[in-house]
Amino acid sequence: MLRIGILGLQGSVIEHELMLERLDGVEPVQVKVKADFDKIDGLILPGGESTTIGRLISDYDLKGKITQRANAGMPIWGTCAGMILLAKHIINDDKVHLGLMDIYVRRNAYGSQLDSFKTDMLIPKVAGHPIPLVFIRAPYVEKAEDGAEVLAELDGKIIAVRQGNMLATSFHPELTDDLSFHRYFADIVKKAAVR
């Protein structure tokens with residue numbers, strides 16, 4: 001049984017948990033304290049408010065533990081705010097949180113809550129059918145470098161990227177009924193756990 005953790009400090013934690021519960025062989029686990037990170041095979045950094053989650057990571061002294069597990073190969077997936085947390089470079093903010101992925105991210109790049117939107121896109125590396133994508137005050141990647149592979153672009157903006165065992169998406173797969181991205185991430189976790 002794969003144990004996939006969801007950082008349970010703020011944001012769409014329950015939504016990710018409900019998606020993971022639908023996958024065979026996966027047990028979702030909310031993680032909040034350092035000891036929790038030793039009991040998981042992969043980690044999701046959920047959408048929410050990146051400044052708040054970043055501050056809580058700092059307040060709970062979790063950064064060292066997360067980066068240690070990431071450097072040891074544990075897969076991490078950041079959705080929306082999670083993408084900002086993973087980035088080594090934030091274009092319109094001088095605060096870097098975990099600094100794990102070689103990406104340049106623009107926060108709130110799609111505007112305010114009122115500018116939220118949905119679309120469908122075929123992302124061949126993830127699924128063989130169009131996937132519904134939900135964007136809410138979403139960031140996007142302006143530049144990916146050093147082995148960060150672009151999985152999807154929308155209107156010339158990078159919205160999904162993978163670097164090794166790390167995955168970042170601008171959108172919220174947990175707010176749809178489509179399991180493609182959760183299945184894709186679980187597969188990354190499974191392959192990493194076999195090693």
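Mentor: Start with a definition: buried means under 20% relative accessible area, exposed means over 50%, and partly exposed lies in between. Keep in mind that this is a predicted model.

Trainee: Which residues of helix α1 are buried?
Mentor: In α1, residues 13-21, they are Val13, His16, Glu17, Met19 and Leu20.

Trainee: What puts them on the same side of α1?
Mentor: Their arc around the axis is only 165°, so they sit on the same side of α1. There is a general rule behind such patterns. An α-helix has 3.6 residues a turn, so residues three or four places apart point the same way.

Trainee: Why is the pair Arg3 and Glu27 called a salt bridge?
Mentor: The cut-off is 4 Å between a side-chain nitrogen of Lys or Arg and a carboxyl oxygen of Asp or Glu. The closest N and O atoms of Arg3 and Glu27 are 3.3 Å apart. That is within 4 Å, so the label holds. This pair links distant parts of the chain: Arg3 is in strand β1 and Glu27 in strand β2, 24 residues apart.

Trainee: Why does Arg3 count as partly exposed?
Mentor: Its relative accessibility is 25%.

Trainee: What makes Arg137 and Glu49 a salt bridge?
Mentor: N to O is 3.4 Å. The limit is 4 Å, so the pair qualifies. Arg137 lies in the loop between β8 and β9, Glu49 in the loop between β3 and α2, and 88 residues separate them. Arg137 is partly exposed, at 29%.

Trainee: How do you know that Arg106 and Glu142 tie together separate parts of the sequence?
Mentor: Arg106 is in strand β6 and Glu142 in strand β9, so the parts they tie together are 36 residues apart in sequence. Their closest N and O atoms are 2.5 Å apart. Arg106 is partly exposed at 26%, and Glu142 is as well at 39%.

Trainee: How many salt bridges does the whole structure have?
Mentor: The search finds 9.

Trainee: Which residues touch the most other members of the largest nonpolar core?
Mentor: Leu7, Leu43, Ile57, Ile76, Leu86 and Ile103, out of 34 residues. Helix α4 supplies the largest share, 5 residues. Apart from this core lies another, of 32 residues, including Leu2 and Val13.

Conventions:
Residues are numbered from 1 along each chain as its sequence is written. This is a predicted model: local features need pLDDT of at least 70, side-chain atom pairs count only at pLDDT 80 or more; totals for chains, interfaces and linings use all residues. Side-chain values use heavy atoms; hydrogens and water are left out. Buried means under 20% relative accessible area, exposed over 50%, partly exposed in between (1.4 Å probe, protein chains only). Helices (H or I, at least four residues) and strands (E, at least two) are DSSP runs, numbered from the N terminus. The arc is that of the directions from the helix axis to the C-beta atoms. A nonpolar core is a set of buried Ala, Val, Leu, Ile, Met, Phe, Trp, Tyr and Cys residues joined through side-chain atoms within 4.5 Å.
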